[in-house]
Amino acid sequence: KRRKTEKVGKGLRHFSMKVCEKVKKKGTTSYNEVADELVGEFTNPSHVNSLTDQQYDQKNIRRRVYDALNVLMAMNIISKEKKEIRWLGLPTNSLQECLSLEKDKKKKIERIKAKTHQLHQLILQHISFKNLVERNRSNENLHGPPKLNSAIQLPFIILNTSKKTVVDCSITNDKSEYLFNFNDKFEIHDDIEVLKRMGLDF
């Protein structure tokens with residue numbers, strides 16, 4: 001019984017090292033990717049290193065990979081979010097860990113700021129569209145529907161430049177790409193910027 005326990009422990013340590021190497025090399029991976037590669041290595045005669053390796057079948061390999069991933073997660077060497085597995089790193093001393101946490105904290109703060117700004121822009125966009133709909137509905141009630149080809153559909157962009165600027169425009173055959181060449185300064189405004197200038201964002 002003792003020999004069997006030692007053999008199982010040795011096998012798990014062996015697979016933990018293999019899995020650790022795989023995840024470290026890839027940085028970001030998944031259980032299936034790691035398991036598939038190790039199955040290929042242990043079942044391919046050209047990659048087999050010993051008789052012990054030959055005894056592993058696919059089901060056993062996948063089970064051991066799963067166990068090894070749980071061990072590495074418990075040791076905080078890797079992290080798992082849904083199906084994505086990320087390499088965190090081997091245990092370090094307190095100073096290095098503190099510096100790493102500070103660096104990670106700064107990154108997360110920057111991400112929160114970026115997401116907050118993005119959310120703010122989406123709210124302004126929603127308000128602008130809502131006010132535009134109300135404005136157009138009011139105009140239609142007073143003056144009737146707009147004349148043909150007099151309305152601009154969303155989304156759109158506006159190019160602003162001097163009257164003296166020479167603009168060369170090229171269009172692909174399928175009209176999916178447009179190339180503009182200007183011989184002077186120009187500005188590009190998207191629909192949200194235009195709606196803001198119209199005072200529809202509040």
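**Core and ring pairs in a predicted model**

Biologist: In this predicted model, which residues is V65 in contact with, leaving aside its neighbours within four places in sequence?
Modeller: Contact here requires heavy atoms within 4.5 Å. Once the neighbours within four places in sequence are set aside, the contacts of V65 are F15, V19, Y31, V34, A35 and L38.

Biologist: How many residues does the largest nonpolar core have?
Modeller: V19, L38 and V65 have the most contacts inside this core. Helices α1 (2-26), α2 (31-43) and α4 (58-74) each supply at least two of its residues. The residue count of the largest nonpolar core is 17.

Biologist: How many residues apart in sequence are the parts that the pair of Y31 and Y66 ties together?
Modeller: The whole structure holds three aromatic pairs. Y31 and Y66 form an edge-to-face pair, with 6.3 Å centre to centre and 90° between the planes. Y31 belongs to helix α2 and Y66 to helix α4, so the parts tied together are separated in sequence by 35 residues.

Biologist: Is Y66 buried, partly exposed or exposed?
Modeller: Buried means under 20% relative accessible area and exposed means over 50%. Y66 has 45% relative accessibility, so its class is partly exposed.

Biologist: Which residues do ring pairs link into a cluster?
Modeller: Rings pair if their centres lie within 6.5 Å. The cluster linked by such pairs consists of F180, F182 and F186.

Biologist: How far apart in space are A68 and H14, C-alpha to C-alpha?
Modeller: A68 is in helix α4. Its relative accessibility is 0%, so A68 counts as buried. A68 and H14 are 54 residues apart in sequence, and their C-alpha to C-alpha distance is 9.0 Å.

Key: Residues are numbered from 1 along each chain as its sequence is written. This is a predicted model: local features need pLDDT of at least 70, side-chain atom pairs count only at pLDDT 80 or more; totals for chains, interfaces and linings use all residues. Side-chain values use heavy atoms; hydrogens and water are left out. A nonpolar core is a set of buried Ala, Val, Leu, Ile, Met, Phe, Trp, Tyr and Cys residues joined through side-chain atoms within 4.5 Å. Buried means under 20% relative accessible area, exposed over 50%, partly exposed in between (1.4 Å probe, protein chains only). Helices (H or I, at least four residues) and strands (E, at least two) are DSSP runs, numbered from the N terminus. Rings of Phe, Tyr and Trp (its six-membered ring) pair if their centres lie within 6.5 Å; planes under 30 degrees apart count as stacked, over 60 as edge-to-face and the rest as tilted.
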